[in-house]
Amino acid sequence: MKNKALEYHSRFPKGKTKIVPTKPTETSYDLSLAYSPGVAYPCLEIEKDPSLVYEYTNRGNLVGIITNGTAVLGLGNIGASAGKPVMEGKAVLFKKFAGIDVFDIEVNETDPEKFIQVVKALEPTFGGINLEDIRAPECFHIERTLDSQMAIPVFHDDQHGTAIICTAALLNALVLNGKKAADLKVVINGAGAAAISIAEMLTHIGVIHEHIYMVDSKGVITDKRTGLHESKIPFMRKTDAVTLEDIFPNTDLFIGVSIANVVTADMVKSMAKDPIVFALANPDPEIPYPDAVAAREDLIMATGRSDFPNQVNNVLGFPFIFRGAIDVRAKIVNMEMKLAAAYALADLAKEPVPFEVAEAYGVEHLSFNRDYIIPKPLDARVLYHVAPAVAEAAVKSGVSQIDYPGREAYIAVLANIMANQREKLVGSQV
């Protein structure tokens, strides 16, 4: 696969994205409107009323994906330039799934305060900021600070994307196994950005915070540990368990956002009745899918892989969350909006699945069951469920800055955006 991937990225034109004009540029008069002297008129209108930047430019459909390359995928601190292929890839997903334009910006700055200043200074360019691949614990401070200082949504997908999809999957897993969120014993392996955000979201659907046990590279986070970062302190528990294996017995829900092969079949066998395992390490999960399902017939399992059922994939979240957020000019992506996205995904998984979606995944049909608890990324209906839910939550929670036209009218707008995108793609291939 390595050679194929390198050839794919190096094929002309290099990389995966490009910029194309959206207005005619065929005549001298066209150019006079696009640039001088015509461009002066929108400039002067925006000077008088800054909100008109959304009327006369693409700011309202433009998201910045910004990284410093300190935590790229599972590759670690490989630097800003080495992270650029990932940012371009994410730009492709924004465009394909939600019709959103993106500038990817790789910032050669690892000092959190300086990085904050760089991102803040870019606010006039964008309708929203997707922070990406920034290491923990610095990412928490960076996002909190930018949220408080900027009037556009700032969303660190590594923290919240996985949490939103996990929450959606858990809502449906509980429907299937009949358990209540408040009764769950939860073990999370990994204590970085995603793990802490997952834990926070779970408490908003009824999981008891004290019932969440977090395990980092040194073992279970207990009251006996010292020198913990402030982000881990809320997860200090009174327990004699030291290792992941120690804490596993009678667990109802295991979530892995860590490394491959740290969970054994025997550990899965020690879990409570009707257990749930979300083994999300990529490309190899904390326990191989075949090993886990062979260990327990009553297991509900999800991974981060597309070749097994129930893929927890962030692409089910960020394109549609940003679509809804920027379309009502939300000032922030708050918990209400994130929960709205999770519930919308959970509800969609219960609806009949169109044949073409099942066909795209090489199966005859898909229906709500233990092997289908979250929608598939190629299901076009996700846009029309999640984006309106997010937009409506922004309006209801008071963080939107423009009116919402109502769900039916907004869905028509979304359909027009995607139809326009398809026409341009077809035209570019002729």
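Guide: A residue counts as buried when its relative accessible area is under 20%, and this is the cut-off to keep in mind while we look at what is a predicted model.

Visitor: With that cut-off, how many residues of strand E6 are buried?
Guide: Strand E6 covers residues 212-216 and is mostly covered. Ile 212, Met 214 and Asp 216 point one way from the strand, Tyr 213 and Val 215 point the other way, and all are buried. The number of buried residues in E6 is therefore, with buried meaning under 20% relative accessible area, the one given for the strand: five of its five.

Visitor: In which sense does E6 pair with strand E5?
Guide: Strand E5, made of residues 186-189, is joined to E6 over four bridges, and within this pairing Val 187 stands opposite Tyr 213. The chain passes from E5 through H9 to E6 in a β-α-β crossover that is right-handed. The sense in which E5 and E6 pair is parallel.

Visitor: Turning to helix H7, how far does it reach from its first C-alpha to its last?
Guide: Helix H7 runs over residues 138-149, which gives it 12 residues. At 1.5 Å a residue the expected span is 16 Å, and the computed reach is close to that value. From the first C-alpha of H7 to the last, the reach is 17 Å.

Visitor: Which helices and strands do the buried residues of H7 pack against?
Guide: The buried residues of this helix are Cys 139, Phe 140, Ile 142, Glu 143, Thr 145, Leu 146 and Asp 147. An α-helix has 3.6 residues a turn, so residues three or four places apart point the same way. The partners that the buried residues of H7 pack against are helix H6, strand E3, strand E4, helix H8 and helix H9.

Visitor: Which residues have the most contacts inside the largest nonpolar core?
Guide: In soluble globular proteins, nonpolar side chains tend to be buried together. Here the largest nonpolar core has 104 residues, while a second, separate core of 21 residues includes Phe 248, Val 263, Val 268 and Met 271. Leaving aside neighbours within four places in sequence, Leu 170 is in contact with several residues, among them Leu 184, Leu 202 and Phe 278. Those with the most contacts inside the largest core are Leu 170 and Phe 278.

Visitor: Why is the pair of Phe 94 and Phe 322 described as edge-to-face?
Guide: A pair of aromatic rings is described by the distance of the centres and the angle of the planes. Planes over 60 degrees apart count as edge-to-face. The centres of Phe 94 and Phe 322 are 5.5 Å apart, and the pair is edge-to-face because the planes stand at 70°.

Visitor: How many residues apart in sequence are the parts that this pair ties together?
Guide: Phe 94 is buried, with a relative accessible area of 0%, and Phe 322 is buried at 1%. Phe 94 lies in helix H5 and Phe 322 in helix H13, so the pair ties together parts whose separation in sequence is 228 residues.

Visitor: Which residues do ring pairs link into a cluster?
Guide: The rings of Phe 155 and Phe 322 also form an edge-to-face pair, since their planes are at 85° and their centres 5.8 Å apart. Phe 155 lies in strand E4 and is buried, with a relative accessible area of 0%. The cluster linked by ring pairs consists of Phe 94, Phe 155, Phe 318 and Phe 322.

Note on methods
Residues numbered from 1 in each chain as written. Predicted model: local features only at pLDDT ≥ 70, side-chain atom pairs only at ≥ 80, totals over all residues. Heavy atoms only, no water. Helix = DSSP H or I, 4+ residues; strand = E, 2+ residues; numbered from the N terminus. Expected span 1.5 Å × (residues − 1). Buried < 20%, exposed > 50% of the residue type's maximum accessible area, 1.4 Å probe, protein only. Contact = heavy atoms within 4.5 Å. Core = buried A, V, L, I, M, F, W, Y, C linked by side-chain atoms within 4.5 Å. Pairing = 2+ DSSP bridges. Right-handed = clockwise from strand over helix to strand, strands pointing away. Phe/Tyr/Trp six-rings, centres within 6.5 Å; stacked < 30°, edge-to-face > 60°.
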